[in-house]
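Subject: Structure for you to look at

Hello,

Here is the structure I promised to pass on. Please open it and keep it beside this email while you read.

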Amino acid sequence: MKKGTLCISLDTELIWGRVHLHNIDSFKSRARKDWKTIPEILTLLKKYSAPATWAVTGHMMLKSCDGCHLDLVRPRYKNQEFDWFKYDPGTDEKQNPDWYGKSLFLKIKSTPKQEIASHTYSHFFWGQEGCTHESAESDMNAWIRVAKSYGITATSFVFPKNSVGHLSLLKKNGFTTYRGPDINWFSTAPNIFKHILQILDFVLPVSPSSVKVSKNAGLINIPGSYYFPSARGIRKYIPKGLRAYKAKRGIDNAIKKGEIFHLWSHPIDFADQTSKLMYDFEEILSYANKKVEEGKLEIKSMKEISLSYKN
């Protein structure tokens, strides 16, 4: 019988995922907590011998920066006419560990079984109108340049906000796989209702979907199955254990169908109610490890899934 597969991807960006928000200051302390939560996540992954795909924003891999970014072609999104880098302090990780994280990135890189993937350099939204080919290409070139300085040639890509676009640039630069938008019970609903349905999904014990890979523009698409939610805002009312319960049911679905359960989150999402979320995350890893020992499940990075699919 074909085994199920668990894939874990983590969008790792410090504060770079929030530069487009008006309330960016409220996330600075949370971004700095990545320096605590990422090592904790790595410890759990090592404990259960679980690989994960760390989709890292290129700028956070820097130890310092002058804040200029003259080589980046800024996107021009509707209602966002500001310079994408206007908040970059142009300092270093000692002064602003919410913006720069070379030392933190090296912890991830040096941990066994962990894959480094691209999450773009600047967290541009590649699939939104206003991000031209020139913007995406300059962003891609910047990420590759930083990655090469660490000896990294990535093959997996995660789009910020799961906003898919400019796939030809991925293939041109040697990427083979990306994480597509989530497939879930409300993914086909009209956009006007999606936010409400997502809130309901946070608190209902609905089993997440398992997914199949597909090919798009010569690339392998591994869609998301379940976003492991933060404890910010209304999400703080999600009961302890519900995230783990849903993920376990998703793993069961993957085993039953011989498919993939693709769990994803952000390290910054562990900043609030950290102990509760780490408890749930370990529950998921422990359950997955049990299924591995039973011969029913494999845990693979996006790259490993891509290689097995090609073969």
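In which loop does Thr120 lie? Thr120 sits in the loop between β3 (114–118) and α4 (133–149). Before going further, please note that this is a predicted model. Now back to the loops.

**Loops**

Thr120 is not a glycine, yet its phi is positive, at about 70 degrees. Its relative accessible area is 1%. Buried means under 20%, so Thr120 counts as buried.

Ser49 also has a positive phi, near 50 degrees, and is a residue other than glycine. Find Ser49 in the loop between α2 (34–47) and β2. Ser49 is partly exposed, with 43% relative accessibility.

Next, go to Leu62. This residue is in the loop between β2 (52–56) and α3 (102–109). Leu62 is buried, with a relative accessible area of 18%. Which residues touch Leu62, leaving aside its neighbours within four places in sequence? They are Tyr100, Gly101, Lys102, Tyr121 and Val146. Ser214 is another matter: the C-alpha atoms of Leu62 and Ser214 are separated by 34 Å. Along the chain, these two are 152 residues apart.

**Salt bridges**

How many salt bridges does the structure hold? There are 16. Here are some of them.

Start with Arg179 and Asp11. Their closest N and O atoms are 2.9 Å apart, and the two form a salt bridge. Arg179 belongs to strand β5 (residues 177–179) and Asp11 to strand β1 (residues 4–12), so this pair ties together parts that are 168 residues apart in sequence. Both Arg179 and Asp11 are buried.

Lys246 and Asp201 come next. Their side chains meet in a salt bridge, at 3.4 Å from N to O. This pair links distant parts of the chain, with Lys246 in helix α7 (residues 242–257) and Asp201 in helix α6, 45 residues apart. Both Lys246 and Asp201 are buried.

Then look at Glu283 and Lys248. They form a salt bridge, with the closest N and O atoms 3.2 Å apart.

**Helix α7**

Arg243 lies in helix α7. Arg243 is buried yet has no salt bridge. Where is the nearest side chain of opposite charge? That side chain is Asp280, 4.2 Å away.

What does Arg243 have around it? Leaving aside neighbours within four places in sequence, its contacts include Tyr226, Phe228, Pro229, Lys276, Asp280 and Ile284. Ser230 is also in contact with Arg243. The backbone oxygen of Ser230 lies 2.8 Å from a polar atom of the Arg243 side chain.

Lys256 is in helix α7 too. Lys256 is exposed, with a relative accessible area of 72%. The C-alpha atoms of Lys256 and Lys296 are separated by 9.1 Å. Along the chain, the two are 40 residues apart.

Which residues of α6 are buried? Leu197, Asp201 and Phe202 are. The buried residues of α6 pack against β8 (226–227) and α7. Here is a rule to keep in mind. An α-helix has 3.6 residues a turn, so residues three or four places apart point the same way.

Val203 is in helix α6 (residues 191–203) as well. Val203 is partly exposed, with a relative accessible area of 42%. Val203 belongs to a nonpolar patch on the surface, together with Trp185, Ile196, Leu200 and Leu204. How much accessible area do these residues have together? The value is about 440 Å².

Start with Thr120, then follow the headings in order.

Best wishes

Definitions and conventions:
Residues are numbered from 1 along each chain as its sequence is written. This is a predicted model: local features need pLDDT of at least 70, side-chain atom pairs count only at pLDDT 80 or more; totals for chains, interfaces and linings use all residues. Side-chain values use heavy atoms; hydrogens and water are left out. Patches are made of residues with over 30% relative accessible area and no salt bridge: like charges are joined within 9 Å, nonpolar side chains (Val, Leu, Ile, Met, Phe, Trp, Tyr) within 5 Å. Accessible areas come from the Shrake-Rupley method with a 1.4 Å probe; for residues, only the protein chains shown count as cover. A salt bridge is a side-chain nitrogen of Lys or Arg within 4 Å of a carboxyl oxygen of Asp or Glu. Helices (H or I, at least four residues) and strands (E, at least two) are DSSP runs, numbered from the N terminus. Buried means under 20% relative accessible area, exposed over 50%, partly exposed in between (1.4 Å probe, protein chains only). Lys and Arg count as positive and Asp and Glu as negative; His and the chain ends are not counted. A polar contact is a pair of N or O atoms within 3.5 Å; within protein, one must be able to donate a hydrogen and the other to accept it, and residues adjacent in sequence count only if both atoms are side-chain atoms. Contact means heavy atoms within 4.5 Å.
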